[in-house]
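Thank you for making the time this morning.

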Amino acid sequence: MNRRLFLRNGSLAGLALTTIGATACTTETNKLPTATDGTAANSEAFELQEATINDLQAKMANGQYTARSLTELYLKRIEAIDKAGPKLNSIIEVNPDALTIADALDKERKAGKVRGPLHGIPVLVKDNIDTGDKQQTTAGSLALAGHKATQDAFIIKKLREAGAVLLGKTNLSEWANFRSTRSTSGWSSRGSQTKNPYILDRTPSGSSAGSGAAVSANLCCVAIGTETDGSIVSPSSCCGLVGIKPTVGLLSRSGIIPISATQDTAGPMTRTVRDAAILLGALTGEDAADAVTKESTGKIQPDYTKFLQANGLKGKRLGIEKRHLEGVSGAVPLFKQAVELLKAQGATVVEVEIDKPADALGEAEYDVLLYEFKDGVNKYLATANTSVKTLADVIAFNTTNQPKAMPFFQQEILEASQKLDGLGSPKYQAALRKSHLGARQLLDSALKINQLDAIVGITTGPARVIDLINGDAGGGPGSSSPAAMAGYPHITVPMGAVNGLPVGLSFVGGAYTEGPLLTVAYAYEQASKKRIVPEFKPPFVG
């Protein structure tokens with residue numbers, strides 16, 4: 001299957017690219033319609049607007065807030081913005097135990113125990129990550145409705161140990177956007193459609209759509225998403241966020257509903273690079289239930305914030321994806337401006353070509369995901385407290401319940417995966433070598449030959465209009481696939497907006513180079529300051 005066609009139809013990353021405003025590169029709210037429902041004023045009045053982890057810790061330390069009061073404020077914000085007002089629909093479920101958790105953490109603080117920077121911080125997590133509590137874990141699928149995990153995913157255990165308040169679960173593209181070749185990002189049969197907080201008829205992108213929209217709209221401080229190919233970085237780009245897709249192996253995947261053992265990972269979605277670094281550090285750790293995490297031994301940094309240097313671009317060599325310097329997308333002028341800023345901050349830039357040779361690997365990648373999805377989902381469901389125990393059961397449920405489960409698009413990808421043999425198949429092994437090893441060789445070669453600290457490109461273009469009839473549109477620049485196939489780290493940072501729709505700048509490096517990537521990403525963020533607060537604008541046409 002052609003990779004570009006596959007991505008265009010939204011089944012991997014929901015890239016949501018556009019040519020709207022092709023000659024425009026305004027960075028604020030140029031030419032946007034005016035909100036008529038008071039939501040912009042509501043946004044401005046929120047007392048925790050754009051608050052960072054450090055801001056909230058300082059306010060708890062001086063007694064201005066408690067973990068409980070912060071949690072209450074975010075819950076009220078969810079009710080006002082997500083369930084009423086613009087109705088973003090980014091939260092699939094709030095945690096009924098959130099206030100109880102907050103109270104316990106407040107008692108610890110009063111007793112002189114502060115676990116770390118996440119103590120008392122409300123965090124949202126994607127609804128494909130197990131939480132061993134009263135919340136469901138469904139991947140947005142009605143087939144899994146009612147499923148409550150018996151224990152926390154490894155990264156949730158780490159999150160609780162760090163003192164975070166689990167605020168709730170976020171909506172997502174159903175089955176992490178791996179159900180149909182005509183899917184719509186941000187839609188699930190359980191959670192319905194999530195909206196982009198910048199312009200409400202625009203896609204938040206997928207599959208971590210709810211996490212992206214929620215953090216951007218200040219419904220929480222930070223959130224966790226997951227990615228197979230683009231599902232952290234693309235919604236982060238379209239929602240004006242910092243997103244980190246770590247090296248596969250830095251974070252455990254046990255307790256996360258899978259697509260691909262080769263490419264899956266969780267990662268932070270935040271409004272600042274510093275918050276992303278803090279959250280990343282809290283989630284790392286070797287897990288006996290996920291063998292790939294053994295590769296991270298000795299490579300985990302105890303504190304990723306030590307890499308945050310405002311002058312971190314000075315003396316760095318960066319590879320600029322030359323394919324992203326041309327074309328009609330409104331993201332191209334922003335990218336050129338970003339490149340000039342990188343140079344002004346002391347970086348040396350050289351043009352590289354990663355995107356074009358990566359295209360040749362896309363069909364093999366799709367085959368890998370199809371094979372690994374069936375294997376992984378069958379293993380997950382076999383021990384889950386669900387009525388469906390296999391991928392075949394899921395397909396049968398969707399067919400039987402088509403009016404509710406599949407009102408807009410079907411399940412071609414699930415059916416294609418079900419037809420395949422096991423991971424011993426020669427076709428799978430050949431596809432794995434081509435996509436995974438091929439992408440690693442491509443990136444390693446570019447980094448080594450050019451002596452690069454990172455490869456830089458457009459994360460994805462500005463968000464397209466939500467289209468439940470035809471599915472996601474695509475085409476244009478994007479940076480997710482090479483790092484996704486290789487299992488290498490990828491950080492996106494806001495670099496501006498096209499007609500008020502955010503666009504991200506990507507930094508990609510070799511395995512376990514999260515620290516050095518954070519250095520250049522932070523330096524760019526501090527020099528550019530391109531994050532803009534969403535105002536819940538109505539559609540251009542209406």
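The buried residues of α17 are Y428, A431, L432, S435, H436, G438, A439, L442, L443, A446 and L447, where buried means under 20% relative accessible area, exposed means over 50% and partly exposed lies in between, with a 1.4 Å probe and protein chains only. Before I go further, please keep in mind that this is a predicted model, in which local features need pLDDT of at least 70 and side-chain atom pairs count only at pLDDT 80 or more, while totals for chains, interfaces and linings use all residues. Residues are numbered from 1 along each chain as its sequence is written, and side-chain values use heavy atoms, with hydrogens and water left out.

Helix α17 covers residues 426–449, which is 24 residues, and spans 33 Å from its first C-alpha to its last, close to the 34 Å expected at 1.5 Å a residue; the expected span is 1.5 Å times one less than the number of residues.

At the start of α17, a side-chain oxygen of S425 comes to within 3.2 Å of the backbone nitrogen of K427. This is a polar contact, that is, a pair of N or O atoms within 3.5 Å, where within protein one must be able to donate a hydrogen and the other to accept it, and where residues adjacent in sequence count only if both atoms are side-chain atoms. Just after the helix, Q451 takes a positive phi of about 55 degrees. In the loop between α16 (412–418) and α17 sits G422, which counts as partly exposed because its relative accessibility is 44%.

Why can we call α8 largely enclosed by the rest of the structure? The reason is that 8 of the 8 residues of α8 are buried, and its cover includes the strands β1 (91–94), β2 (122–126), β3 (165–170), β6 (222–227) and β8 (265–270), together with helix α9 (233–238). Just after α8, N218 has a positive phi of about 60 degrees.

The loop between β5 (192–193) and α8 (209–216) deserves a careful look, and S208 is found in it. S208 counts as buried because its relative accessibility is 0%, and, leaving aside residues up to four places away in sequence, S208 touches K126, G225, T226, S231, I232, P235 and M269. Its side chain reaches the backbone oxygen of T226 at 3.0 Å. In this loop we also find S207, and the peptide bond from G206 to S207 is cis, with omega near 5 degrees. S205 is in the loop too, with a phi near 75 degrees, a positive value in a residue other than glycine, and S205 is buried, with a relative accessible area of 0%.

Now to the interior. A nonpolar core is a set of buried Ala, Val, Leu, Ile, Met, Phe, Trp, Tyr and Cys residues joined through side-chain atoms within 4.5 Å. The largest such core has 95 residues, and those with the most contacts inside it are I155, L159, I224 and F507. Its largest share, 8 residues, comes from helix α10 (residues 273–283).

Finally, the overall picture. The protein has 19 helices and 13 strands, and its C-alpha atoms fill a box of roughly 60 × 60 × 55 Å, taken along the principal axes. Of the 542 residues, 63% count as buried, and residues 24 or more positions apart account for 78% of the contacts with a separation of 6 or more.

Methods:
Helices (H or I, at least four residues) and strands (E, at least two) are DSSP runs, numbered from the N terminus. Contact means heavy atoms within 4.5 Å.
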